[in-house]
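Hello,

Here is the structure I promised to pass on to you. Please open it next to this message, and my notes will follow below.

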Amino acid sequence: MEALKRKIRNKLPKGTLYFYYLCTAVKACLPDIKRRVHDKVYNNSESDKVKRDLTLSYHIIEKGLTMPVPRPGFGKAVVIGLVNTIVKYQKLNLPEAELEFKQSVSVLKEYIEFHKSIYYQLDQEVTAKLDIIETRFKGIEGIKQIRTNKDEYFQHIQKPFDQFCISRYSVRNYTNQEISLPVLYECIELAQKSPSFCNRQPTRVKIVKSAEKKKAILDIQNGNRGFGDLAETLLVITSVISTTKDIHERNENHLNGGMFSMTLLNALHFHKIAACSLNWSVSNDKDVKIREILNIPNNEVVLLIISCGYVPDEFSVASSPRKKAEEITVEHL
Ligand SMILES: Cc1cc2nc3c(=O)[nH]c(=O)nc-3n(C[C@H](O)[C@H](O)[C@H](O)COP(=O)(O)O)c2cc1C
């Protein structure tokens with residue numbers, strides 16, 4: 001059957017074949033695209049969306065607080081937006097015990113404390129908003145950002161898996177100490193142990209150390225402000241499309257790449273290399289640019305960038321607390 005299919009395929013003009021694959025691809029992808037569009041237009045679940053907005057905003061503030069050098073008065077628009085979303089959450093009568101709510105309030109309290117500690121007078125509009133947080137939510141406490149040092153941060157890397165796993169954080173602060181290529185290859189070798197579909201091993205890594213190329217990439221990535229320029233190495237994770245047989249396997253590149261990247265993050269942590277994933281959720285023009293910068297072939301998709309470096313003696317990490325397992329799990333027993 002396969003041989004016959006191949007024979008027919010070889011006989012067909014390329015244009016006809018292209019059109020056939022395009023129709024199959026549209027048919028396969030359309031339900032997912034429709035589901036996503038429907039969610040944006042018709043999903044009226046205020047609860048899901050307000051929690052998403054809280055997380056997006058509080059995460060920006062927790063990142064700002066843990067930057068190598070936090071900028072006084074940073075994130076004005078985000079702070080104001082976050083207070084408004086907190087007020088909206090309260091008006092919707094949603095539970096105050098939810099992680100997103102508690103953490104949002106808590107991060108804003110840390111924002112206030114940080115500015116008090118450096119005797120920086122926030123502007124009036126921000127102060128007026130933050131007063132709401134201080135007066136209405138006195139009893140609410142979340143998880144604070146973490147100040148740590150080199151020895152403390154890596155103290156669990158030889159410990160049992162649970163302790164190792166819990167000890168990894170995204171680190172957004174690096175020295176210029178060089179990470180040697182052999183060490184990077186050891187980490188990539190470990191990441192290669194990640195499972196992949198039929199062991200097809202679609203994931204690829206580009207090690208970027210050229211200052212010019214790092215800058216060009218970070219300039220078009222939208223989540224590295226305040227720390228990206230410190231990265232000694234960027235690891236660009238891509239995946240080979242030609243390893244997939246048909247359009248129904250289209251998610252395998254991202255899925256396999258995600259599993260690979262997690263092992264890679266753990267391997268870097270094991271080797272005392274700090275790292276932070278950087279999203280590659282970009283518009284097509286940016287994707288074209290990174291392909292030009294790194295000469296990435298057309299049959300590879302860019303999945304993720306990981307900024308890496310050795311840590312300074314002291315640094316901060318965003319606490320990024322997690323929901324409990326019970327909150328994200330459904331049992332069908
Ligand atoms: C796919 C992906 C994309 C990410 N993109 C960014 C990014 O652009 N900038 C950033 O600072 N952190 C980014 N992160 C890191 C997350 O913010 C971080 O993993 C999350 O807050 C959990 O914290 P932890 O890694 O310290 O456990 C990304 C993480 C993932 C998995």
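Strand E4 gives the most to the shell around the ligand, with 4 residues. Two elements give two or more residues to that shell, namely helix H3 (46-65) and strand E4 (274-279). Helices (H or I, at least four residues) and strands (E, at least two) are DSSP runs, numbered from the N terminus.

Before going further, a word on the source: this is a predicted model, where local features need pLDDT of at least 70 and side-chain atom pairs count only at pLDDT 80 or more, while totals for chains, interfaces and linings use all residues. Residues are numbered from 1 along each chain as its sequence is written, and side-chain values use heavy atoms, with hydrogens and water left out.

Back to the ligand. There are 16 residues around the ligand, and Lys-63, Ser-170, Arg-172, Gly-223 and Arg-322 come nearest; a residue counts as near if one of its heavy atoms lies within 4 Å of the molecule. By class, the shell holds 5 nonpolar, 7 polar and 4 charged residues. Here Ala, Val, Leu, Ile, Met, Phe, Trp, Tyr, Cys and Pro count as nonpolar, Asp, Glu, Lys and Arg as charged, and the others, Gly among them, as polar.

Which side chains make polar contacts (pairs of N or O atoms within 3.5 Å; within protein, one must be able to donate a hydrogen and the other to accept it, and residues adjacent in sequence count only if both atoms are side-chain atoms) with the ligand? Among them is Lys-63, with a side-chain N or O atom 2.8 Å from a ligand oxygen. For Gln-221 the distance from such an atom to a ligand oxygen is 3.0 Å, and a polar side-chain atom of Asn-279 lies 2.8 Å from an oxygen of the ligand.

Two residues elsewhere are worth a look. Arg-291 lies in helix H12 (residues 284-294), and a polar atom of its side chain is 3.1 Å from the backbone oxygen of Pro-297. Arg-291 is buried because its relative accessible area is 15%, where buried means under 20%, exposed over 50% and partly exposed in between (1.4 Å probe, protein chains only). Asn-149, in strand E1 (residues 146-149), has 29% relative accessibility and so counts as partly exposed. The C-alpha atoms of Asn-149 and Pro-312 are 7.7 Å apart, although 163 residues separate them along the chain.

As for the whole protein chain, 41% of its 333 residues count as buried, and there are 13 helices and 6 strands.

Best wishes
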